Amino acid sequence: MWKLDIDQDTQLKLLELKDAEMLFALVDSCRPYLRQWLPWIDATQTVDNSRQFIEFGLQKFAANNGLEAGIWYKGQLAGVIGLHYIDRTNKKTSIGYWLAEPFQGYGLMTKACRALISYVFEQLQLNRVEIRVAVDNGKSRAIPERLGFVNEGVVREVEWLYDHFVDHIVYGMLAKEWA
């Protein structure tokens, strides 16, 4: 299975079906916090929903069209990071991520994104990585900004979040810009 070691305490590992209960428990434990920015929280009501998400991620990985990885910190599942797709023709992808509230403040997401972006440019040989973040989601915006992504503009009312639309900022990084 796919795995990236980040440091002695942190690694990214492809989510497997055996992780479904742990993933569901993590989502369920911080549901109100995650619901502020993630449109799929209300649809995740059972372990089977998490299992279906993992199966979808495994199918993407098997088709060489993305991945869904757990962010593991000191042996605990802390969040998820993934490649939504891999566009081989245009040599690009986009990254999505979330981190459970108790694991914030340790730099985990910045390290996870840095490792995945390096993998995208060095191993997959892609040219562009995009991260889209809701305009008002300051914590998620801080990640691409900290990593030197270029703010390429705002896409208006691009995501329906339960009862309202949110605008996204599109952040981009090119292989030649990645240090």
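The following dialogue examines how terms are applied to a predicted model.

Trainee: What rules apply to the predicted model and its numbering?

Mentor: In this predicted model, local features need pLDDT of at least 70 and side-chain atom pairs count only at pLDDT 80 or more, while totals for chains, interfaces and linings use all residues. Residues are numbered from 1 along each chain as its sequence is written, and side-chain values use heavy atoms, with hydrogens and water left out.

Trainee: How many salt bridges does a search of the whole structure find?

Mentor: The search finds ten. One of them joins Arg128 and Glu152, at 2.5 Å from N to O. Arg128 lies in strand β6 (residues 128-134) and Glu152 in strand β7 (residues 150-160), so this pair connects parts 24 residues apart in sequence.

Trainee: Why is Arg128 called buried, and why is Glu152 called partly exposed?

Mentor: Buried means under 20% relative accessible area, exposed means over 50%, and partly exposed lies in between (1.4 Å probe, protein chains only). Arg128 has 19% relative accessibility and therefore counts as buried. Glu152, at 41%, counts as partly exposed.

Trainee: How are Glu145 and Arg141 placed in helix α5?

Mentor: They are four residues apart in α5 (residues 138-146), a separation of about one helical turn. An α-helix has 3.6 residues a turn, so residues three or four places apart point the same way. Glu145 and Arg141 form a salt bridge with their closest N and O atoms 3.4 Å apart. Glu145 is partly exposed at 42%, and Arg141 is partly exposed at 23%. Elsewhere, salt bridges with shared partners join Arg128, Glu130, Arg132 and Glu152 into one network.

Trainee: How do you know that the span of helix α3 agrees with its number of residues?

Mentor: The expected span is 1.5 Å times one less than the number of residues. For the 16 residues of α3 (residues 47-62) this gives 22 Å, and the end C-alpha atoms are 22 Å apart, so the two agree.

Trainee: Why are the buried residues of α3 said to line one face?

Mentor: Ser50, Ile54, Gly57 and Lys60 are buried in α3. Seen down the axis, the buried residues fall within an arc of 115 degrees, so they line one face of the helix; the arc is that of the directions from the helix axis to the C-beta atoms. Gln59 and Ala62, on the other side, are exposed. The cover over the buried residues includes α1 (20-29), β3 (67-73) and β4 (76-87).

Trainee: Why is Thr44 called buried, and what does Thr44 touch?

Mentor: Thr44, in the loop between α2 (31-35) and α3, has a relative accessible area of 9% and is therefore buried. Contact means heavy atoms within 4.5 Å. Not counting residues up to four places away in sequence, Thr44 touches Phe24, Val27, Arg31, Asn49 and Ser50.

Technical notes. A salt bridge is a side-chain nitrogen of Lys or Arg within 4 Å of a carboxyl oxygen of Asp or Glu. Helices (H or I, at least four residues) and strands (E, at least two) are DSSP runs, numbered from the N terminus.
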